[in-house]
Amino acid sequence: MANGGPVEHGYPHLETVRAAINALYKRLSYDTVQTFATSVAPVDVAFCDTDDLHLGAQRVAREMVRHYRLPDARMIIGFREMTHAANVELAAGPEYFIELNDRFRTHRGDIGAALAHEVMHVYLHRLDLSFPGTRDNEILTDTAAAYLGAGWLLLDAFREDATSSQKLGYLTPEEFGYVLAKRALVFDEDPAIWFTSPQAYTAYTAGMELARRDTRQPPLTAAGWAGRRRYARDRRHAQDHQAPDASRPAGVPYSFTPGSPGSSPGDHGPLLRVSFPCPTCHQRIRVPVRGRVRARCGVCRTVLECDT
């Protein structure tokens with residue numbers, strides 16, 4: 001929790017975030033991800049200063065349990081002085097003890113954001129889904145909360161001005177915006193209408209720009225002129241210098257591999273194959289280099305129009 005200190009910006013954890021989205025789809029399946037098409041509604045986690053602190057926190061926790069579909073889980077909420085925003089004890093269940101920073105006694109509107117993260121820890125624990133190392137595992141938790149419909153609260157808790165700042169979670173504001181934008185493109189749901197923080201809206205806009213850029217990378221037909229020209233140059237180089245191992249040009253997401261000796265030889269030898277990340281779930285997709293190709297991601301079922 002950044003409380004008055006500097007807030008990190010940009011995309012320093014982008015590769016881990018993308019790996020987390022891919023891991024979610026692989027562990028949950030496309031059908032299960034689709035059941036989270038509706039986000040947590042602001043009214044269901046609203047918390048005003050006149051609400052009883054403990055009863056209100058329990059109510060919000062129950063809403064997170066309901067949203068994440070953990071019907072047999074009970075969250076017991078306490079408050080104490082601590083460095084981090086919150087902590088959850090990942091026991092066998094069905095009861096889980098969550099401690100919230102004493103700061104939330106007077107910042108009750110952000111309790112939903114803290115619980116979105118902590119209850120997601122329980123959800124991932126039950127799935128037996130984790131990343132090695134504390135840092136990457138926390139990034140997975142933030143990403144999962146955002147992609148499955150509760151993490152917009154974490155971004156909305158971000159506030160920053162010339163004299164003060166507040167941010168919850170391990171992702172930067174722009175990375176939260178990126179994950180929420182990826183979700184919005186899949187479910188056609190715009191979380192921006194729920195933001196109370198102007199800085200959250202700015203971060204979401206930046207994240208959406210990067211998320212849309214994912215959909216315009218070669219060999220996708222939506223790629224721009226400059227990307228298509230770079231791709232054609234890299235393809236020619238790969239055809240002229242075919243090697244046994246994959247050739248990934250620097251600074252681009254695609255890579256080339258030579259086909260087997262018996263695969264449709266042409267003027268440049270065996271047919272090349274190109275692999276690239278699915279713009280929805282970041283699963284690597286491999287298709288032959290032979291002009292217009294329609295590919296279907298086996299993980300998230302996205303149909304991709306390619307010009308290889």
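**View 1. Asp128, out in the open between two helices.** Asp128 is exposed, with a relative accessible area of 68%; here buried means under 20%, exposed over 50% and partly exposed in between, using a 1.4 Å probe and protein chains only. Asp128 sits in the loop between α4 and α5 (134–147). Helices (H or I, at least four residues) and strands (E, at least two) are DSSP runs, numbered from the N terminus. Phi of Asp128 is near 60 degrees, a positive value in a residue other than glycine. A word on what you're looking at: this is a predicted model, where local features need pLDDT of at least 70, side-chain atom pairs count only at pLDDT 80 or more, and totals for chains, interfaces and linings use all residues. Residues are numbered from 1 along each chain as its sequence is written, and side-chain values use heavy atoms, with hydrogens and water left out.

**View 2. Arg301, another positive phi.** Look in the loop between β10 (292–296) and β11 (303–307) for Arg301. Its phi is near 70 degrees, again a positive value in a residue other than glycine. Arg301 is partly exposed, at a relative accessible area of 37%.

**View 3. The cis bond at Pro219.** Going from Pro218 to Pro219, the peptide bond is cis, with omega near 10 degrees. Pro219 belongs to the loop that links α8 (198–214) and α9 (225–240).

**View 4. An open, mixed sheet.** Three strands line up in the order β2-β4-β3, and their pairing is mixed; two strands count as paired if DSSP finds at least two bridges between them. β2 (74–80) and β3 (86–88) stand at the edges with a single partner strand each, so one side of each has no neighbour in the sheet. From one strand to the next, the twist averages 20 degrees. β2 and β4 (residues 95–101) run parallel, paired over 7 bridges. Which residue in β4 is the bridge partner of Arg74? That's Glu95. Helix α4 (residues 111–127) packs on the sheet and touches β2, β3 and β4, its direction making about 145 degrees with that of β4. Contact means heavy atoms within 4.5 Å, while axes are lines fitted to C-alpha atoms (for helices, over the stretch in contact) and angles run from 0 to 180 degrees between N-to-C directions.

**View 5. His117, tucked away in α4.** His117 is a residue of helix α4, and it is buried, with a relative accessible area of 6%. Which residues is His117 in contact with, leaving aside neighbours within four places in sequence? They are Glu138, Thr141, Asp142, Leu154 and Tyr170. His117 and Ile139 are 22 residues apart in sequence, and their C-alpha atoms are 10 Å apart in space.

**View 6. Stepping back to the chain.** The chain's secondary structure comes to 9 helices and 11 strands, and its C-alpha trace spans about 75 × 45 × 30 Å along the principal axes. Of the 308 residues, 51% are buried. Among contacts with a separation of 6 or more, 58% come from residues 24 or more positions apart.
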